[in-house]
Amino acid sequence: MPSTMLARSPQALPVPVPGKATQNLPMHQASYSRVAVSPPQAGSIANSSAVPSLSSGSYAGSTAGDTDSSNGAASGVDLVELMNDRLGSAVNPLPLDRSLARQAQTSGALNAKQQELLELQALAQRRLKGARANFADGMKAAKEVKRDLDWTQKRVS
């Protein structure tokens, strides 16, 4: 890496990297929710990297009113709120709601078909039981007829 990429702008201060969030605080209330450092200015050495700046118009999610243009500082910006606002405006919930409704309808239809199949299976098992009983009666009657025919055959001969 060239040494010019590592040079700091005199306006930029190092940002402390938060440690592991304590278990007593929820994730959204951890110590990293606010940043009190101004971003690098357009044209500075730190801003000449391949990463787009939040203050420049080249950032895909930025709009004209996102940065404080009066003094160029982003002090006291709540990152969690900013990301929630951006995600809230980026995601259209209507297709998700429609998909969820369609999934619920499909799930209900599948459950109804499953119940219908279970009822048909129980009906088929009852019919099979009846057919087996009829077959057993028929086999019993056939054996009896054969025995009678054998007895008659012996008498005739």
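Visitor: First off, what kind of model is it?
Guide: It is a predicted model. The protein chain averages a pLDDT of 73. Of its residues, 52% score at least 70.

Visitor: Which element has the lowest mean pLDDT, and which the highest?
Guide: Helix 1, residues 3-6, is lowest, with a mean of 48. Helix 3, residues 93-156, is highest, at 95.

Visitor: Where does pLDDT stay under 50?
Guide: Residues 1-5 are one such stretch. The model gives that stretch 3 contacts beyond four places in sequence. Residues 68-73 are another, with 5 such contacts. Where pLDDT is low, the predicted coordinates should not be read in detail.

Visitor: Fine. How many helices and strands are there?
Guide: The protein chain has 3 helices and 2 strands. From the N terminus on, the order is α-β-β-α-α.

Visitor: How much of the chain is buried?
Guide: Buried residues make up 6% of the 157 residues. The chain exposes about 13500 Å². Carbon and sulfur atoms supply 59% of that area.

Visitor: And what about contacts between residues at least 24 apart?
Guide: Take the contacts between residues at least 6 apart in sequence. Of these, 63% join residues at least 24 apart.

Visitor: Back to helix 3. What does it span from first C-alpha to last?
Guide: Helix 3 has 64 residues and reaches 92 Å. That is close to the 94 Å expected at 1.5 Å a residue.

Visitor: Which residue caps its N-terminal end?
Guide: N92 does. One of its side-chain oxygens lies 3.3 Å from the backbone nitrogen of L94.

Visitor: Switching to charges. How many salt bridges come out of the count?
Guide: The count is 1 salt bridge. E116 pairs with K113, and their closest N and O atoms are 3.7 Å apart.

Visitor: Where do E116 and K113 lie?
Guide: Both are in helix 3. They sit 3 residues apart, about one turn of the helix.

Visitor: What is the relative accessible area of E116?
Guide: The value for E116 is 38%. Buried would need under 20% and exposed over 50%, so E116 counts as partly exposed.

Notes. Residues are numbered from 1 along each chain as its sequence is written. This is a predicted model: local features need pLDDT of at least 70, side-chain atom pairs count only at pLDDT 80 or more; totals for chains, interfaces and linings use all residues. Side-chain values use heavy atoms; hydrogens and water are left out. Helices (H or I, at least four residues) and strands (E, at least two) are DSSP runs, numbered from the N terminus. Buried means under 20% relative accessible area, exposed over 50%, partly exposed in between (1.4 Å probe, protein chains only). Contact means heavy atoms within 4.5 Å. Accessible areas come from the Shrake-Rupley method with a 1.4 Å probe; for residues, only the protein chains shown count as cover. pLDDT is the predictor's confidence in each residue, from 0 to 100. The expected span of a helix is 1.5 Å times one less than its number of residues. A polar contact is a pair of N or O atoms within 3.5 Å; within protein, one must be able to donate a hydrogen and the other to accept it, and residues adjacent in sequence count only if both atoms are side-chain atoms. A salt bridge is a side-chain nitrogen of Lys or Arg within 4 Å of a carboxyl oxygen of Asp or Glu.
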